[in-house]
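These are my notebook entries on a structure that I looked up. I set down the terms where I first needed them.

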Amino acid sequence: MEFKAVRGTKDILPDTVKVWQYIEGKAKKILECYGYQEIRTPIFEETNLFVRGIGETTDIVSKEMYTFLDKKGRSLTLRPEGTAPVVRAYIEHRLDTRGSPIRLYYFGPMFRYERPQAGRQRQFWQLGIEVLGTSHPSIDAEVIDMTMYLLQELGLNELEVQINSVGCGVCRPRYKEALIRYLSPFFKDLCKSCKEKLSRNPMRILDCKVCFDLKISSPVMIEFLCDRCKDHFEGVKEYLDMLEVTFILKPHLVRGLDYYTNTCFEIIDKNLGAQDAVCAGGRYDGLVEEFGGKPTPAFGASAGIERIIVALEKQGVDVPSSTKVDVYFATIGSRVKKKVFSLVKDLRKKDISTIFEWNDKSLKASLREANRLRSRFVVIIGDTELNRNQAILKDMETGEQKEISLSGLVNVISNLLRRGCK
Ligand SMILES: [Zn+2]
Ligand SMILES: [Zn+2]
């Protein structure tokens, strides 16, 4: 029997994992620099958390969730997104008492049953950011600026920030009415799923790729904003200007989830084609209350790691490897190996990554292996060297070779690496 990874899942092999470590490393550094703290929530939650938080009528909840009954008959779901679990944790652990606003980020796998495509798997990874406890428009701008900065630091330079406002519970109903009025004469032209959306959630039609043409001259939300929403949106634009973030207004930009209010945004990468959003997010002032918490305004964003990786590849960004081998031991014969084996531990304790093989290899094969591992130095010891308590140190970058005493080996290598060879 031959096993394979399940459709829609992928192994991240050592060659590729360096790209992941690169993204994770940069994200952690930049987000913590902006004062964000990491949160890790479970992979699965009660199914109702997502039904309530994302909305029953969304594609995610109605078609794409990995839902199962556990042995006690409880309905559980592999998390399809990260915001609902973070909000659940925020309320459960009273995180509002630990600072207001509280700035959080997470990094982890999400699960959605979708048709696998380039940059989108059924198990996919997201970097998410959530700020809870403030409605101040500067936070919307801060998160947009921070994610933009991160993507640029990763090496992407064909990015565009698109923003819109989806209003609030006061002004949105008036807009929905206008939209229904505008779309109703075109009812027969709508796709099957949009026909269902028209009366219940007409804004979702703006998101439909099939019914694209219909929306071009439809009424837009920003013309219906109430005074509070208008002020907020003006504020966001002002703070983005202060942070020198260039953005364009996309009056038809909406989010597929029910809990969004006010600002919504996307960062697209122009190299990506149809699936071009590398980061998306917005304000969700109603969700904490929806989950039974105190009314708490919030703003969040998430970025798909697989899609960022596709974008990095398309742009040919050269990702540095974070794994390194400093020293490879080419020792000949078991007498030599037994004698010098303990040196390996001394090197590792000095934070010098070292590889030692007990299998006998010819010197030529050892050097080939050291090359493949991109080892910085090779230590060559045969019987002749051992008898004189010496080793040959070969610098793989310059090809230079020199004899050093075995007793001084650790110090010599340690000093060479410290001098900027690392
Ligand atoms: Zn409003
Ligand atoms: Zn449609």
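**Entry 1: the zinc ion (ligand 2)**

I began with the angles at the zinc ion (ligand 2): its 4 donor atoms subtend 103 to 116°, and the arrangement is therefore tetrahedral. I noted the rule for this word: four donors count as tetrahedral if all angles lie between 85 and 135 degrees, whereas four count as square planar and six as octahedral if opposite donors are over 155 degrees apart and all others between 65 and 115, and anything else is irregular. For comparison I wrote down that the ideal angle for four tetrahedral donors is 109.5 degrees.

I then recorded what I was working with. The model is predicted, so local features need pLDDT of at least 70 and side-chain atom pairs count only at pLDDT 80 or more, while totals for chains, interfaces and linings use all residues. Residues are numbered from 1 along each chain as its sequence is written, chains are lettered from A and ligands numbered from 1 in the order in which they are written, and side-chain values use heavy atoms, with hydrogens and water left out.

Which atoms coordinate the zinc ion (ligand 2)? I found the SG atoms of C191, C194, C208 and C211, at 2.2 to 2.3 Å. Donors here are N, O and S atoms within 2.8 Å of the metal (3.2 Å for Na, K and Ca); water is not among the atoms, so sites may look incomplete. Along the chain, the donors of the zinc ion (ligand 2) have the spacing C-x2-C-x13-C-x2-C. C194 lies in helix 7 (residues 192-200) and C211 in the loop between helix 7 and helix 8 (212-215), so this pair ties together parts that are 17 residues apart in sequence. Helices (H or I, at least four residues) and strands (E, at least two) are DSSP runs, numbered from the N terminus.

I also checked whether these two residues are covered. C194 counts as buried because its relative accessibility is 0%, and C211 is buried at 4%. Buried means under 20% relative accessible area, exposed over 50%, and partly exposed in between (1.4 Å probe, protein chains only).

**Entry 2: the zinc ion (ligand 1)**

I turned to the other ligand. The protein donors of the zinc ion (ligand 1) are the SG atoms of C168, C171, C226 and C229, lying 2.2 to 2.3 Å from it. The spacing for the zinc ion (ligand 1) is C-x2-C-x54-C-x2-C. C171, in the loop between strand 7 (159-165) and helix 6 (172-183), and C226, in the loop between helix 8 and helix 9 (227-242), link distant parts of the chain, 55 residues apart. C171 is buried at 1% relative accessibility, and C226 is buried at 19%.

**Entry 3: salt bridges**

How many salt bridges are there? I noted a count of 20, where a salt bridge is a side-chain nitrogen of Lys or Arg within 4 Å of a carboxyl oxygen of Asp or Glu.

- I looked at K188 and D189, whose side chains meet at 3.9 Å, N to O. K188 is exposed at 67%, and D189 is partly exposed at 45%.
- I looked at R283 and D285, whose closest N and O atoms are 2.8 Å apart. R283 is buried at 0%, whereas D285 is partly exposed at 21%.
- I looked at R335 and D383, whose closest N and O atoms are 3.1 Å apart. This pair links distant parts of the chain, with R335 in helix 12 (residues 334-349) and D383 in helix 14 (residues 383-387), 48 residues apart. R335 is partly exposed at 47%, as is D383 at 41%.

**Entry 4: domains**

I looked up the domain assignment, which gives domain 1 (14-171 + 225-314) and domain 2 (327-421). Such bounds come from an automatic or database domain assignment. The C-alpha centres of domain 1 and domain 2 lie 49 Å apart.

**Entry 5: the segment before helix 1**

Last, I located D11 in the segment before helix 1 (14-33). D11 counts as exposed, at 60% relative accessibility. The C-alpha atoms of D11 and L272 are separated by 23 Å, and the two residues are 261 residues apart along the chain.
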